Amino acid sequence: MSTLRLIYLALAVAGAVLPMRHFLAHMRAEGGGLAGLIDAWFVNRATEGLVWDLTLAAAALTVWVLAETWVRRNWWALVAIPATFGIGLACGLPLYLFLRTRPVG
């Protein structure tokens with residue numbers, strides 16, 4: 001495996017673990033589960049702007065993943081879509097790059 005692919009994989013793992021650690025800690029401390037976490041994302045205009053920024057970037061990544069997967073027939077790359085919306089863009093984007101750079105065939 002190339003150094004670049006290892007970097008993508010490391011970033012995908014870090015992008016899953018680091019944000020999720022904070023999300024889970026917030027949900028444990030504040031209660032309210034996922035609904036409470038989502039409410040916290042909209043607590044002020046700065047965090048709301050960040051949520052919209054990440055949501056639009058996730059949508060752009062989704063369009064890219066779908067378009068390239070259709071052309072390249074690299075169906076495993078579709079895993080990046082649920083990773084992006086279920087975990088976060090910091091996981092989904094490097095995961096897609098990792099899967100995109102794998103040898104297909």
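Predicted model: local features only at pLDDT ≥ 70, side-chain atom pairs only at ≥ 80, totals over all residues.
Take the helix pair to begin with. Two packed helices are described by the angle between their axes and the distance between the axes. For helix H3 (residues 45-72) and helix H5 (residues 89-100), the axes come within 10 Å and cross at roughly 20 degrees. That angle is under 35 degrees, so H3 and H5 count as roughly parallel to each other. Their crossing is left-handed. On the H3 side, the contact is made by Leu54, Ala57, Ala58, Leu61, Trp64, Val65, Glu68 and Arg72, which meet Leu89, Gly92, Leu93, Tyr96, Leu97 and Arg100 of H5. Sorted by class, that comes to ten nonpolar, one polar and three charged residues.

In soluble globular proteins, nonpolar side chains tend to be buried together. Here the largest nonpolar core holds 17 residues, and Leu61, Val65, Leu95, Tyr96 and Leu99 have the most contacts inside it. At least two residues each come from helix H1 (3-30), H3, helix H4 (80-86) and H5, with H5 giving the most, seven residues. Leaving out residues up to four places away in sequence, Val65 touches Ala77, Leu78, Ala80, Ile81 and Tyr96.

Trp76 sits in the loop between H3 and H4. Its relative accessibility is 57%, so Trp76 counts as exposed. Even so, beyond its neighbours within four places in sequence, Trp76 is in contact with Leu99 and Arg102. Leu66 lies ten residues from Trp76 in sequence, and their C-alpha atoms are 11 Å apart in space.

Notes: Residues numbered from 1 in each chain as written. Heavy atoms only, no water. Axes fitted to C-alpha atoms, helices over the stretch in contact; angles between N-to-C directions. Helix = DSSP H or I, 4+ residues; strand = E, 2+ residues; numbered from the N terminus. Parallel < 35°, antiparallel > 145°, perpendicular 65-115°, else oblique. Left-handed = near helix turned anticlockwise from the far one by under 90°. Contact = heavy atoms within 4.5 Å. Nonpolar A, V, L, I, M, F, W, Y, C, P; charged D, E, K, R; others polar. Core = buried A, V, L, I, M, F, W, Y, C linked by side-chain atoms within 4.5 Å. Buried < 20%, exposed > 50% of the residue type's maximum accessible area, 1.4 Å probe, protein only.
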